[in-house]
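Have the model open as you read along.

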Amino acid sequence: MRYLLLTSVFVIATCGLVYELVAGTLASYLLGDSVTQFSIIIGVYLFSMGIGSFLSKYITQNLVPTFIRIELLIGLIGGFSAAFLFITFEQVGSFQILLYGLVSLTGLLVGLEIPLLMRILQDQFEFKDLVSNIFTFDYIGALLASLLFPLLLVPYLGLIRTALLFGILNVVVAIAAVYMFRDKIKRFSGLSIAAYLSLAALIAGMFFGENILRFAEGNAYSNTIVYAKSSPYQRVVLTRKGERFRLFLNGNLQFDSRDEYRYHEALVHPGLAAQEAPRRVLVLGGGDGLAVREILKYPSVQTIDLVDLDPLVTDLFQTRASLTELNRNSLHSALVTVHNADAFTWLRDHPDQYDFVVVDFPDPSNFSIGKLYSERFYRELKPHIAPGGALVVQSTSPLVAPNSFWCVEQTLKSVGWQTVPYHCYVPSFGEWGFILANDDTWLLPETYPDGLQFVDDATVRAMTRFPLDMARRPVEVNRLNNQVLVQYFEKEWSRYDP
């Protein structure tokens, strides 16, 4: 029996860490700034566990029934936590209070578990063996959870079903304890019924998990969701209204098919048309293939390397008919090679040089993306620009987030580049900014490929003029060790109410 109880330690340790990881991941999906969210949630969770451990000393009677009830509560609260938070995100004004409150409650209950179990097991082991065994199984369970979560659980089950699965495991521990200690339980039948009802509820949640997520996302998105899936990196949602598509990553709009041509023509052509017969082009980000579609309008281009972290995105835009029509099947071009890799790592492993580089990353809303706008990253990128070559960086809104925009420009200048900032109006986003950079004085092109809908010489020259409310301002350089850009971005966009 004692080894079965030690197995229970292993299970509940794994469950406890998974609930913590679920809350941190969900918070980073919904609120952004993954470092801040994970840091706060880990701190709140561990503090609450400490409070739970402290309070456990006041439980002096009915240890086994109390332990079983706590397991059932953890299973239900932790198991349904992700579903509850997804559903309430769009419904409550103080979501963070709700999030941290739920994390605190879960941590408090988890903090009660191990001290109670140690007291239940004290007759089974000598004290030194008890402490050694308990913490050995506890730490092994934590390791297993930390490995399974990003590699298997999130990619194949998603956050809602992952939480529900481990809620089931907590309840199974409770059921096992009911039968192991039935002689010490006065209300055996009542606890048994409660345990099996909890198990049934969680299994039902597993069965309807995808429906729960669709319901939650249905409240969050105004148009019909036609595709929704989680990868190890992000939640990908595609919506449709008539012939109009919108792509969202972690709830943030990436493009609207109605006006994406404005963004992508502005991103690519002012820089690429200035290059004399460009042959080799690198695209960092841009897994939707829309920037590649624009690059393929230049007959001199011979090779295009596209580096995007998430294969879910590139596969989606290579296989879904409505999306391949939008990007004109650009990712299947014989000139294009798709690399699913981290851009930082990929640049270090590939010494090739390019005539033009398109940097089309999502906005720097968290530190994992902010590193790709850092002085260190631009230094890594610089040797990949061929003599006479150039790059362009999408740089968020100079109207909503002027400090963020000019921080990107200042960071590019800090590594020795000459820059040309410019902006244009994209109805889905408002005023949006871009920065061209090279080693020499810029001469803007006068001619552009045929068939463009937005960009021409007069339009581009107007793009380079900034009114007073978007004018240059003093800002710091975004360095890898301070990520000041993420701080600018979060502060400026948090004030924006569209």
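## Salt bridges in the model

Asp 342 and Lys 371 form a salt bridge, with their closest N and O atoms 3.3 Å apart. Please keep in mind that this is a predicted model. Asp 342 sits in the loop between strand E7 (336-339) and helix H13 (343-349), and Lys 371 in the loop between helix H14 (367-370) and helix H15 (375-381), so this pair ties together parts 29 residues apart in sequence. Asp 342 is partly exposed at 22% relative accessibility, and Lys 371 is partly exposed with a relative accessible area of 24%.

A search of the whole structure finds 16 salt bridges. Here are three of them:

| Pair | Closest N to O distance |
|---|---|
| Asp 342 and Lys 371 | 3.3 Å |
| Arg 244 and Asp 256 | 2.7 Å |

Now for the strand pair. Arg 244 forms a salt bridge with Asp 256. Because Arg 244 belongs to strand E3 (residues 244-249) and Asp 256 to strand E4 (residues 252-256), the contact ties together parts twelve residues apart in sequence. Both Arg 244 and Asp 256 are buried.

What about the side chains of Arg 472 and Glu 409? Arg 472 lies in the loop between helix H17 (457-463) and helix H18 (484-494), while Glu 409 lies in helix H16 (residues 402-414), so the parts tied together are 63 residues apart in sequence. Arg 472 is partly exposed at 48% relative accessibility, whereas Glu 409 is buried, with a relative accessible area of 2%.

Finally, salt bridges with shared partners join Glu 260, Arg 293, Glu 294 and Lys 297 into one network.

Key
Residues are numbered from 1 along each chain as its sequence is written. This is a predicted model: local features need pLDDT of at least 70, side-chain atom pairs count only at pLDDT 80 or more; totals for chains, interfaces and linings use all residues. Side-chain values use heavy atoms; hydrogens and water are left out. A salt bridge is a side-chain nitrogen of Lys or Arg within 4 Å of a carboxyl oxygen of Asp or Glu. Helices (H or I, at least four residues) and strands (E, at least two) are DSSP runs, numbered from the N terminus. Buried means under 20% relative accessible area, exposed over 50%, partly exposed in between (1.4 Å probe, protein chains only).
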